[in-house]
Amino acid sequence: MSFKKSGGGLQDEHLELIRNPLACGYLRKHAIGTQSVENLDFFIAVDDFRVEFGENGVWEEDLESMIKMAADGSEETTWPSAVISEDHMRTVAAQIYDEFVSETSGSEVCISQTERERVADMIKKLAHFGNKVFDDAMKSAIVSIKRQIMPGFNLSKSHAQYMYVREILATPVDKDEYDVRPPATSMIDDPAFDGSTAFGPDRRYTLQEILSDHLLIEEFMKFLKSQHSSENLLCYMQLVEYDRTVAENPAEEAAAYARRLTMSNSTAQRLSQQSSRSSRAGATAANMASSAQSLRTLTSSSAAASDAFSLETDNDMILLEQAIKIYRLHLSSESPMEVFIPGKVRKQVLKGMSELKPELYEQVKALSYKAIQDSFKLFTASPQYAGLVDLAADEYGALAGKQAGGGICGMLAGKGSGGGRTFERSTSRPSSAAASEASAEEKN
């Protein structure tokens, strides 16, 4: 049986866990506690290497015959594959060697000097050995995985967390979950606002200005819906809110995220009760209660798994809820509002669910914003865009002269604008961070 099918000696259920990105993240979290995570990381890297460069059929000549030739001392002459790039394969092989095999590596796996030298020699003869250059070095890593990592995983807290998050991710999406509030801010909240130029006949609003203004972004959203392409803007706004939640974790190091997941019904109940006493703004408190309620509803059928999580801060509850929600709404292949994201990025997000590092959705956000920029180009040629100045003048013209103190949010709310409205029916917090987030990216 081939390495690809058998995992080089691992049982099928173990191999299935490693190749499941969500499970792998929690398995790795458990492995950190066993002080053998480098063996798991090495196995994952080699398994990916073998899959990326093909098990068989990519060499024009039979790979087994070429391995025998190499063992007999035959020298390679030409690169035998028209499918695989030699430079790319050598680069990846060198990266794996430097990270896990080299004596100078901080993640060195335990192998003998003879095995290390053999791997180096096989990489030099890569044309002969193909994607099997690390097979011999993998043996000790597999033994460590089987003896030190796998036996305790099914009984570990990490496994219970994995099972729980898997259940939540598999929950069907409700249409109301797509509701997103527009920003609570407007252009005349900006201290630099100039009413004499804001509504001029030649005024053309930038994407940055539109994303930060509740009235303008609603018009942009209407246009995107008419083009059946609103999913990227909805996703981007969720990610802006996710970034804000991350920023509200005071002085937290990225490594601390791994120990702060929460799903317990009792915690959700406490969070709901305490939300009214939160030091955050009223909208944030309301969102905390909503988050607690949504998680409590999802966990009602999973009492055993709910006890696997512990809470350190209320903000962590919101962070996890947002991370799961974003994936379910916009990255799941089952979602009608799925955004176009490469499979590799999806896997990275799933694997990162166990840690919730600040950069978890960084690539997704960049790709979504790029799609929004493309849509904005179409929007600027539309009648809706041409009418934005008149629309803004009607909405803000009279208010601009009354602006004082902290802005006009209160007056806008009194007119039924801004945070009081939603794109659809929303229970999310209003987002006002889109402008600052978009500005830097738009320039890039």
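**A few notes on this predicted model**

1. From H3, Leu22, Ala23, Tyr26, Lys29 and His30 meet Ser158, Gln161, Tyr162, Val165, Arg166 and Leu169 of H10, where contact means heavy atoms within 4.5 Å. Sorted by class, the contact of H3 with H10 has six nonpolar, three polar and two charged residues. Here Ala, Val, Leu, Ile, Met, Phe, Trp, Tyr, Cys and Pro count as nonpolar, Asp, Glu, Lys and Arg as charged, and the others, Gly among them, as polar.

2. A word on the ground rules. This is a predicted model, in which local features need pLDDT of at least 70 and side-chain atom pairs count only at pLDDT 80 or more, while totals for chains, interfaces and linings use all residues. Residues are numbered from 1 along each chain as its sequence is written, and side-chain values use heavy atoms, leaving out hydrogens and water.

3. Back to the geometry. Helix H3 (residues 21-34) packs with helix H10 (residues 157-169) at an angle of about 160°, their axes 9 Å apart. That makes H3 roughly antiparallel to H10 (the term covers angles over 145 degrees; under 35 is roughly parallel, 65 to 115 roughly perpendicular and the rest oblique). Axes are lines fitted to C-alpha atoms, for helices over the stretch in contact, and angles run from 0 to 180 degrees between N-to-C directions. Helices are DSSP runs (H or I) of at least four residues, numbered from the N terminus.

4. A second pair is worth a look. The axes of helix H4 (residues 37-52) and helix H9 (residues 135-153) come within 9 Å and cross at roughly 130°. H4 and H9 are therefore oblique to each other. The contact of H4 with H9 has 10 nonpolar, two polar and two charged residues.

5. Now the aromatic rings. Rings of Phe, Tyr and Trp (its six-membered ring) pair if their centres lie within 6.5 Å; planes under 30 degrees apart count as stacked, over 60 as edge-to-face and the rest as tilted. The count comes to 14 aromatic pairs by this rule. In one of them, tyrosine 236 and tyrosine 369 have ring centres 5.2 Å apart and planes at 40°, so the pair is tilted. This pair links distant parts of the chain, with tyrosine 236 in helix H14 (residues 231-247) and tyrosine 369 in helix H20, 133 residues apart.

6. Finally, confidence. The protein chain averages a pLDDT of 74, and 66% of the residues score at least 70; pLDDT is the predictor's confidence in each residue, from 0 to 100. Over residues 404-420 the pLDDT is below 50. Where pLDDT is low, the predicted coordinates should not be read in detail.

Key: Helices (H or I, at least four residues) and strands (E, at least two) are DSSP runs, numbered from the N terminus.
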